[in-house]
Every structure is written in C-alpha cells, then in structure tokens.
Amino acid sequence: MATNRRVQTLDEFTIQQMRDFPNATGELSGLLRDIGLAAKRVNVEVNKAGLVDILGDAGTMNVQGEEVKKLDEFANNQFVGVLRHGISCAGIGSEELDDIVVFDDEISNNSKYVCLFDPLDGSSNIDVNVSIGTIFSVYRRVSKLGEPATQEDFLQPGIKQVAAGYVIYGSSTMMVYATRRGVNGFTLDPSIGEFCLSHPDIKCPETGRMYSVNHGNFFQYEEPIKKYITACQKKDHTNGGPYTQRYIGSMVADVHRNLIKGGIFMYPITTHKPKGKLRLLYECNPFGFIVQVAGGKATNGIQNILEVQPTALHQRSAFFVGSKGMMDELETFINEA
Ligand code: AHM
C-alpha cells in the first residue's frame, strides 16, 4: 500500500519542537512522552471496561484470580508511576489524591516541572460506554531546583502553565496538548501503538452553534445564565435559528467537540453547588489554557480563569469556556446584570 504522507509521531513532533530552542533540555518532551505512555496503558484498560462483567467487578477477583482495580484508581497509579520513574517531573497533584506527591530523590529534585492531572474525568460514564478522558497541566517550579518541590509549585495561577492537554478515550483515542506555541492533536494508531499527528495547529472557531450545559440544573442557575441559555434557545431564523444543545456530561468530550466545531461549555454555580462543581487546577485551568491558546476564551464568569490565584489544591470553580464570539455573547448577559 502506497502512502504519500509522512506520519509524525508524538515523540518526533515534540523533539522537532525542542530543536527550535537550542537551549532546551528536552525535559518537557520527556514529560509529554511519559504522559503519552501512561495514556496508552489506560487506553488498553478503558477498552476492556465493557468486559468487566465477565472479567470481574472492580474490587473483586477476576477469572485469573487477580484483583480488579477501579479504572480511575488504575489510571491514577499509571500516571503517578510513569512520572515518578521518569526524569522530568519533581512531583504531582492528582484529583484522586488528597495531597501532592513529591518525588523526593536526586533526579526529581532537579527536575524543572510539576504536573497536575485528573487521571480519569467523567468516570461515571464508563459503565455506559461514553467517552472519558485524562486532563493534565504542567507548571515550571517556583521552588529551588535541587530541593524537593513544594505546595507553592502547584498553587500557581493557570496563566503560568507551560503546557496543558487531555487524552480522550473515544471512538478513537486522541491526545491534544497545548504550549504557548499552539495546540496540536495526535490520534493513537493502534497498529503501531503510537500517537500520530492528526490535528495540527488546532484553532477554536471564532463562533459556533452548540452550547453545552446541564439543563437539569436550569432553575438553580443565576439569572444572567438563565437568560443566556434562554437566548440560545430563542434565536430565530433571522439569526440562524436556535443553538443546538449538546451535553454528554463528560467534560473532555464536550470541550473537545466544541474546540473543534465551535461552541460554548458552561458549568455555572448552582444553589446546590455554590462554589461550582469543576476543579480549578485539574479541569478548568488546563482547558482554559488549551482553548485560549487556540483562540477561544475561558472565565469563571467574572475573570479570565487563568488569572485566578488558587488557594487550595481541590478548589472548585464555576467555568465557562469556548468560542470567543459565544463567550462574548455570554459576557454581555453577565455584564448587564
Ligand atoms: P467527575 O470528576 O466526578 O468525573 O465529574 C466531572 C464531570 C465532568 O466531566 C462533566 O462535565 C461534569 O462532571 C458533569 O457534571 P453533571 O453531571 O453535574 O452535569
């Protein structure tokens, strides 16, 4: 079979990017490679999730007599494991763990970066075969090199991210990551077990026609949000008809679709969740960074999400993210109020 296009793998791509910076140490490329490796391992298990009934429920023994781990626990262990054994990461924060984990050894203490991640977001969707994902975020340490990483390294505003990305375990498995230079998407080619560049230089469409929000919470939202959602529904044929509502309840899948096709994703505060549901460090900041690098916008309803100074690892936040035009529209409703 003749191929007329040279496929570029994730490793080749990150190394090529590194070559543009003669002083680069390759640590970031190494970190992204480690994340890609953990993602491939998680992907294998996610693909087997439908077999859980025949292989054994989480927490039970499977037919081989091995204990079946919950997938989110498995995913967490994979990411912690590869980053601990790699040479590019001084410590991690995970949505699954109460505290940061500092890799206090000579090599890790000399690593420039720390990494925050949600190892398996939307995991309640696994049982019904809906796409789920991993979200990650990379910061340059502010603590002294040569010493163990500290909490301060993790509590930096999102604007300080060096890179952020996500892996979507969907109809195909993709890794999308952003640095300040751009957003690029890689699809896993199962025949060679490599992520291959499939979506170079992703740009979020200037505007879109899809809004993603949990409609069941409508009556719990604040007035400007209710008004904006109603306006999305009331658009008539003179302005292209009503917007389409799309909400899977798996943020990685919802934001990925809106990033590619244009749209807005909202998780506002509700009367039951007055601080919001999503986590600032593990969910909002990485997506805020990716979408803004791609030309979109992301806020907590008041300010750019990336400017919020975090005060706690598991801090929650309201979150609005998407195409610039739709975010501007939403802001007019918020500002009027
Ligand atoms: P999780 O951390 O329990 O998986 O929750 C995060 C998920 C997001 O992926 C998704 O956008 C949101 O929760 C859906 O919440 P809701 O069911 O309240 O609409």
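## Ligand contacts and aromatic pairs

A backbone N or O atom of M251 lies 2.7 Å from an oxygen atom of the ligand, a polar contact (a pair of N or O atoms within 3.5 Å). The model is predicted, so local features need pLDDT of at least 70 and side-chain atom pairs pLDDT 80 or more, while totals for chains, interfaces and linings use all residues. Residues are numbered from 1 along each chain as its sequence is written, and side-chain values use heavy atoms, without hydrogens and water.

| Residue | Part with the N or O atom | Distance to a ligand oxygen atom |
|---|---|---|
| D121 | side chain | 2.5 Å |
| K277 | side chain | 3.0 Å |

Taken alone, the ligand exposes 470 Å², of which the protein buries 77% (Shrake-Rupley method, 1.4 Å probe). Around the ligand stand 13 residues, with D121, N214, Y247, M251 and Y267 the closest; a residue counts if one of its heavy atoms lies within 4 Å. Domain 1 (10–199) and domain 2 (210–336) each supply at least three residues of this shell, their bounds coming from an automatic or database domain assignment.

The whole structure holds eight aromatic pairs (ring centres within 6.5 Å; planes under 30 degrees apart are stacked, over 60 edge-to-face, the rest tilted). Y166 and F287 form a tilted pair, 5.2 Å centre to centre with 40° between the planes. Y166 lies in strand β5 (residues 161–169) and F287 in helix α9 (residues 280–293), so this pair ties together parts 121 residues apart in sequence. Y166 and F287 are buried (under 20% relative accessible area, 1.4 Å probe, protein chains only).

Terms used:
A polar contact is a pair of N or O atoms within 3.5 Å; within protein, one must be able to donate a hydrogen and the other to accept it, and residues adjacent in sequence count only if both atoms are side-chain atoms. Rings of Phe, Tyr and Trp (its six-membered ring) pair if their centres lie within 6.5 Å; planes under 30 degrees apart count as stacked, over 60 as edge-to-face and the rest as tilted. Helices (H or I, at least four residues) and strands (E, at least two) are DSSP runs, numbered from the N terminus. Buried means under 20% relative accessible area, exposed over 50%, partly exposed in between (1.4 Å probe, protein chains only).
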